Amino acid sequence: MVRFHFSRKQLCIPYAVFLALFVIIPMLLILLYAFTGEDADGNLYFSFANFLEFFSSTSKLQTLGVSLTIAFITTFFCLIIAYPVAYILARSGWKRTNVLLMLFIVPMWLNFVLRITALRELLNIIGFLGNYDYVNTVIGMVYDFLPFMILPLYNSLQKMDNSLLEAANDLGAGPVHTFLHVTLPLSMPGILSGITMVFMPSMTNYVVSETLGNSNITILGKMIEEYFSTYDDMHMGSLISIILLVIIFITMLVSGGFKQNADESSARGANLW
Amino acid sequence: MRKTQRLFAIAGAACVALSSALLFTACADGEEKQVLRIYNWEDYICNENDEEAGYVDLVAAFEEAYGCEVEYSTFGTNENMYNELKINEGSYDLVCPSDYMIMKMINEDMCEPFTEDFKTNSSYAENVSPYIREIFEENGWDDYAVGYMWGTMGFMYNPAASDTIAEDVQSWKVLENEAYYKKATLKDSVRDTYFYALACVYNDELAALADEYESGDMTAEEYNDELNVIMNRTDEDTVEAARQYLRDVKKNIYGFEVDSGKNDMVTGKIDINFCWSGDAAYGIYEASEEDGSSLAYSVPDYVSNIWFDGWVIPKGGNVELAEAFLDFISTPEHAMMNMDYIGYTSVLAGDEIYTDWVLDSYEVAEEGARLQELIDSGDVREYDLGYFFSDDPDTDEYTFYAYAEDKSGMLGAQYPEYGVVTRCAVMQFFEEDANNRINMMWEDVKGAEIPIPAVIFIAVIVVALGGAYLVAKYGYDWFRGKPKKGYTKVDDDK
């Protein structure tokens with residue numbers, strides 16, 4: 001009779017296999033394709049041609065710029081809208097805050113393509129559709145990603161120690177002072193986490209720019225799709241993906257996502273990812 | 001030691017599970033059912049049972065009739081289909097690409113030829129329109145491809161949008177017209193929109209050619225050949241002109257779409273939609289069902305695109321079963337079901353389709369004196385489809401009376417007249433160089449400029465945040481606000 005005992009290491013095997021199959025191997029493939037070309041017989045050869053072409057093409061750089069612009073503005077508005085909401089949800093003495101929080105989270109359970117399709121009709125009624133492609137795209141992105149900003153902010157604000165506020169109050173700080181010097185710094189991990197959660201996906205979420213911007217705006221996600229499915233050039237498509245990965249790493253670096261600071265961010269549960 | 005035992009135990013269990021799974025599939029194989037693997041466009045075959053509408057699930061019906069199994073999968077673009085065939089060679093028996101992709105696949109020797117028997121002795125051979133057969137023969141596709149659906153490209157429009165719209169959409173250049181600012185769409189598909197651009201860029205040349213043809217200096221065939229040459233230009237100057245034209249016209253249109261356009265027409269968001277005739281038929285029908293409003297379709301002057309989707313058997317496919325399937329769906333009865341279900345026009349002709357489909361839907365019911373009255377008033381006119389249904393070009397057996405404004409061009413969308421198809425060009429596939437050039441042109445057209453207000457906005461945010469940071473850091477005393485009553489300021493940093 002064999003008895004199964006799984007050690008921790010063995011329990012990790014399925015996850016390791018999953019990661020290898022769906023994360024690591026695809027990443028390596030992207031890397032391989034990004035820096036290779038294909039000769040007439042279909043053989044791969046190493047080349048920087050795609051890289052050079054990307055950075056010498058006006059239309060590609062323009063698309064990169066448009067994506068960054070949209071992502072930046074989306075993130076800004078998400079933050080502006082989400083912070084007061086999260087603050088009220090987390091700090092107010094009101095007993096029904098859970099219900100309020102639910103109201104913000106419920107839309108996340110619906111497929112976002114459906115939500116965007118519905119939003120398109122709404123924008124049409126108020127006369128935005130067709131006239132303000134950029135505005136519509138940003139509205140759609142903010143609508144889509146707002147919960148991703150609210151949640152980490154809510155988490156970090158809620159876990160804030162009340163006695164710190166009391167202490168600040170005791171020591172004579174006014175509400176503005178308390179907010180700027182106690183609340184804001186303590187919610188910083190939540191802010192940074194929210195920014196990373198919103199900034200990156202809004203660079204590639206091309207369903208929004210297609211549906212609400214009537215395909216007048218091309219962002220990087222759409223461009224990658226075009227290279228894979230229309231232009232039949234997986235090498236350039238992979239290269240653009242690599243550029244996106246680099247931007248992700250840069251935002252994580254800037255926002256301190258790599259910091260292994262146990263007592264700061266992760267202990268507060270602010271980092272959703 | 002125990003560790004390795006455990007590992008062996010796990011591996012052993014996995015082996016048992018795997019081999020029993022294999023055993024199972026082997027058993028199932030033992031019964032030996034032939035499998036036909038079909039790869040088709042989404043929503044491109046009648047595969048629903050609906051007694052009321054008279055539909056039969058053709059795929060299931062075929063499975064039953066031939067005792068085989070059909071693995072049916074779908075694709076969204078020709079390029080996706082092509083890639084899939086390249087990656088998984090030999091994994092499909094029957095695919096349905098568009099005209100230019102068929103040419104590309106034949107050129108690259110990716111297709112099995114059809115058997116002589118099928119080409120002479122099948123319901124397809126029996127029913128295919130002579131007009132379509134001739135095009136396939138002329139282009140040398142007939143050994144490798146069998147037609148499925150066909151149509152033209154033109155404008156679907158809303159006649160109520162303006163008094164002049166019916167005349168306006170006779171010109172491809174209508175999208176420049178400021179009267180339709182943000183009211184028209186182009187296709188978000190490089191080939192179709194490139195074709196559109198050529199029709200505009202060479203508008204004058206095409207107009208002159210049409211004059212020459214009308215004055216009787218050239219035959220319909222010569223005229224069509226000339227058109228085909230013009231509409232397949234891919235040289236650098238042409239592509240550059242197309243780029244400029246599309247960038248200009250982009251400022252005046254509502255946007256690009258491939259799928260949402262017909263619904264946007266129905267819901268009234270737009271007034272003009274550059275579209276495939278089959279989509280127009282669908283849109284016109286939907287609009288009249290929904291709120292009784294009428295949309296219309298017309299093919300503009302001088303030139304249009306005639307397109308086909310057809311079946312090919314990829315190398316290594318099961319030719320026998322594929323041909324059996326094509327024979328099965330090419331009966332007039334099944335072709336009409338398909339047309340009804342998909343909304344596109346089948347390449348099949350034959351008297352049954354003419355009577356039960358064309359005449360049934362479009363022939364004027366009035367007779368005798370009343371009919372004469374209608375003809376005299378110009379409401380009803382002759383409609384000649386002899387070119388499509390008959391080998392004899394001069395026959396009037398396939399001429400009938402239809403309302404001149406019949407169903408807003410629905411008839412014209414489904415069965416264009418001979419005058420329209422003579423000015424239709426077939427779009428060839430682009431050589432690699434030209435293809436890259438046109439793709440880059442497209443990328444440039446689709447790319448949007450960074451909006452200046454957005455840049456200013458970002459600059460303001462950055463300056464404000466920077467300022468706030470500096471104030472917080474250095475102008476801190478000034479900013480911290482008054483201490484509460486009874487407290488005094490202390491230099492807290494010290």
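Guide: Strands here are DSSP runs of E, at least two residues long, numbered from the N terminus. This is a predicted model, where local features need pLDDT of at least 70, side-chain atom pairs count only at pLDDT 80 or more, and totals for chains, interfaces and linings use all residues. Residues are numbered from 1 along each chain as its sequence is written, with chains lettered from A and ligands numbered from 1 in the order in which they are written.

Visitor: In which sense do β10(B) and β14(B) pair?
Guide: They pair in the parallel sense, over two bridges; strands pair if DSSP finds at least two bridges between them.

Visitor: And how many bridges are there between β5(B) and β10(B)?
Guide: Seven, in the antiparallel sense.

Visitor: Is β10(B) mostly covered or uncovered?
Guide: Mostly covered, with 11 of its 11 residues buried. Buried means 20 or more other C-beta atoms within 10 Å of a residue's own, C-beta atoms being placed from the backbone.

Visitor: New topic: what does Val312(B) touch?
Guide: Its contacts include Val95(B), Met105(B) and Tyr144(B), not counting residues up to four places away in sequence. Contact means C-beta atoms, placed from the backbone, within 7 Å.

Visitor: How many residues does the contact between the chains take from each?
Guide: Chain B gives 35 residues and chain A gives 31. On the side of chain B that touches chain A, α23(B) gives the most, with six residues.

Terms used. Two residues are in contact if their C-beta atoms, placed from the backbone, lie within 7 Å. Helices (H or I, at least four residues) and strands (E, at least two) are DSSP runs, numbered from the N terminus. A residue is buried if 20 or more other C-beta atoms lie within 10 Å of its own, exposed if 12 or fewer, and partly exposed in between; C-beta atoms are placed from the backbone.
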